[in-house]
Amino acid sequence: MHVADIKKYFPIFNQQVNGHPLTYLDSAASSQKPIQVIEAIKRYYERDNANVHRGVHTLSSRATDAYEQARVKTARFIHARSEKEIVFTRGTTTAINLVASSFAKAICREGDEIVMTPMEHHSNLIPWQQVAAATGATLSYIPLQSDGTIDMQDVKNTLSERTKIVAISHISNVLGVVNPVKEIIHQAHRKGAIVLVDGAQSIPHMAVDVQDLDCDFYTFSGHKMCGPTGIGVLYGKRELLQTMQPIEFGGEMIDHVDLYSATWRESPWRFEGGTPMIAGAIGLGAAIDFLNEVGMEHIEAHDADLLHYAVQQLSSIKDVVIYGPLANRKSLITFNVGSIHPHDMATILDSSGVAVRAGHHCCQPLMRWLDVSATVRASFYVYNTREDVDRLINAILLAKKLFMEDGGDSKDRVL
Ligand SMILES: Cc1ncc(COP(=O)(O)O)c(CN[C@@H](CS)C(=O)O)c1O
């Protein structure tokens with residue numbers, strides 16, 4: 001399967017939007033789904049649908065096998081030591097909240113420190129604010145360089161003997177910057193701190209080896225990596241997961257129950273109370289098969305080519321401001337064009353069939369750090385092509401002509 005002709009596996013592109021071919025540049029919000037994932041979920045509901053772990057009949061056995069095979073595939077995809085280090089959650093947000101509520105609240109005390117960065121998504125910011133409020137721990141932030149990157153000296157200066165938790169994104173959903181998480185983890189471990197990596201934007205775009213990183217927790221969402229919504233993953237070192245108490249209680253997750261008390265199954269099952277996202281997990285497994293067939297190295301190379309082309313083309317338009325570093329970034333480009341409000345820009349782009357995201361991208365502290373109220377973000381994935389970038393540029397030039405007095409300059413070109 002060659003990246004160049006991957007679009008044909010995505011049925012959603014067989015449509016026009018506002019009279020134009022769909023140019024989907026919002027994969028950082030949620031990716032599109034290949035027919036292989038759609039068919040896997042359809043096949044489950046048509047042939048194998050039953051509840052897992054409890055039934056002794058054939059369909060329940062088939063559903064259980066498929067569900068647990070998805071866990072094995074996920075463990076292999078991120079090079080976890082064991083599938084028992086893979087907890088299925090609803091997504092990145094619930095994975096982070098599980099660690100914050102179950103692990104962090106148990107180990108943090110008055111005066112302990114939780115270290116983050118101002119670029120974090122609200123899902124990797126607010127849970128830690130809640131931990132601080134509940135335990136008396138304090139929040140410390142690693143300062144960003146002017147281009148949005150992190151300097152390791154600032155990391156060392158921010159960490160202290162009181163640091164208990166470091167929570168950091170692998171790739172920013174606004175800046176696109178790839179953070180030096182392996183080095184940060186090394187420095188955090190020297191202080192005895194535990195590190196959670198928010199992998200929502202990295203897992204879809206780069207090969208991740210959690211053992212090589214030596215991260216303690218790693219979180220991501222199926223819907224951003226060609227999988228369905230409603231399924232995500234918390235990777236946790238087994239010795240840490242085993243110390244954690246569940247935060248949702250009921251069926252599936254128990255060992256023994258009497259009228260006044262209950263005991264739990266081992267991890268990961270103790271964290272998967274109630275009927276799990278069976279079809280979601282099976283769809284995630286199919287998405288992992290698809291990404292493995294394409295090859296993460298090919299995805300990374302395709303991503304780099306598209307992003308380089310997009311930065312080059314966007315930079316050629318007068319009045320464009322690009323946020324984040326021009327190198328060491330992946331999969332997305334955040335920008336503004338002169339005085340055009342991002343929502344106006346996104347609306348005009350949509351009239352040309354170009355789907356981007358506009359707003360604060362669930363990163364309000366980062367918008368204040370950038371000193372903007374909102375931005376436009378174009379994000380790319382395996383099914384995008386240079387033609388999509390050209391359509392984006394053309395639509396931006398149209399918006400300039402509609403919204404800005406000078407209507408574009410001689411350097412601008414309309415394809
Ligand atoms: C870095 C990062 N961390 C956590 C999340 C939350 O993922 P969920 O699947 O919604 O739980 C996201 C999702 N960011 C989307 C929706 S705001 C975006 O458009 O940027 C993210 O990018």
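How many salt bridges does a search of the whole structure find? The search finds 25, a salt bridge being a side-chain nitrogen of Lys or Arg within 4 Å of a carboxyl oxygen of Asp or Glu. The model is predicted: local features need pLDDT of at least 70, side-chain atom pairs count only at pLDDT 80 or more, and totals for chains, interfaces and linings use all residues. Residues are numbered from 1 along each chain as its sequence is written, and side-chain values use heavy atoms, with hydrogens and water left out.

**View 1. Glu-266 forms salt bridges with Lys-84 and with Arg-238.**
The closest N and O atoms of Lys-84 and Glu-266 are 3.3 Å apart. This pair links distant parts of the chain, 182 residues apart. Lys-84 sits in the loop between helix 2 (58-77) and strand 4 (86-89), and Glu-266 in the loop between strand 12 (262-264) and helix 9 (278-294). Helices (H or I, at least four residues) and strands (E, at least two) are DSSP runs, numbered from the N terminus. For Arg-238 and Glu-266, the closest N and O atoms are 2.5 Å apart. Arg-238 lies in helix 8, so this pair ties together parts 28 residues apart in sequence. Relative accessibility is 26% for Lys-84, 30% for Glu-266 and 23% for Arg-238. Each value counts as partly exposed, the class between buried (under 20% relative accessible area) and exposed (over 50%), with a 1.4 Å probe and protein chains only.

**View 2. Lys-237 and Asp-216 form a buried salt bridge.**
Their closest N and O atoms are 3.3 Å apart. Lys-237 lies in the loop between strand 10 (232-236) and helix 8 (238-241), and Asp-216 in the loop between helix 7 (210-213) and strand 9 (217-221), so the pair ties together parts 21 residues apart in sequence. Both residues are buried.

**View 3. Salt bridges link Lys-7, Glu-387, Asp-388 and Arg-391 in a network.**

A polar side-chain atom of Asp-198 is 2.6 Å from a ligand nitrogen. Ligand oxygen atoms lie 2.7 Å from a side-chain N or O atom of His-223 and 2.9 Å from one of Asn-173. The protein covers 88% of the 510 Å² of accessible area that the ligand has on its own (Shrake-Rupley method, 1.4 Å probe).

Note on methods: A polar contact is a pair of N or O atoms within 3.5 Å; within protein, one must be able to donate a hydrogen and the other to accept it, and residues adjacent in sequence count only if both atoms are side-chain atoms.
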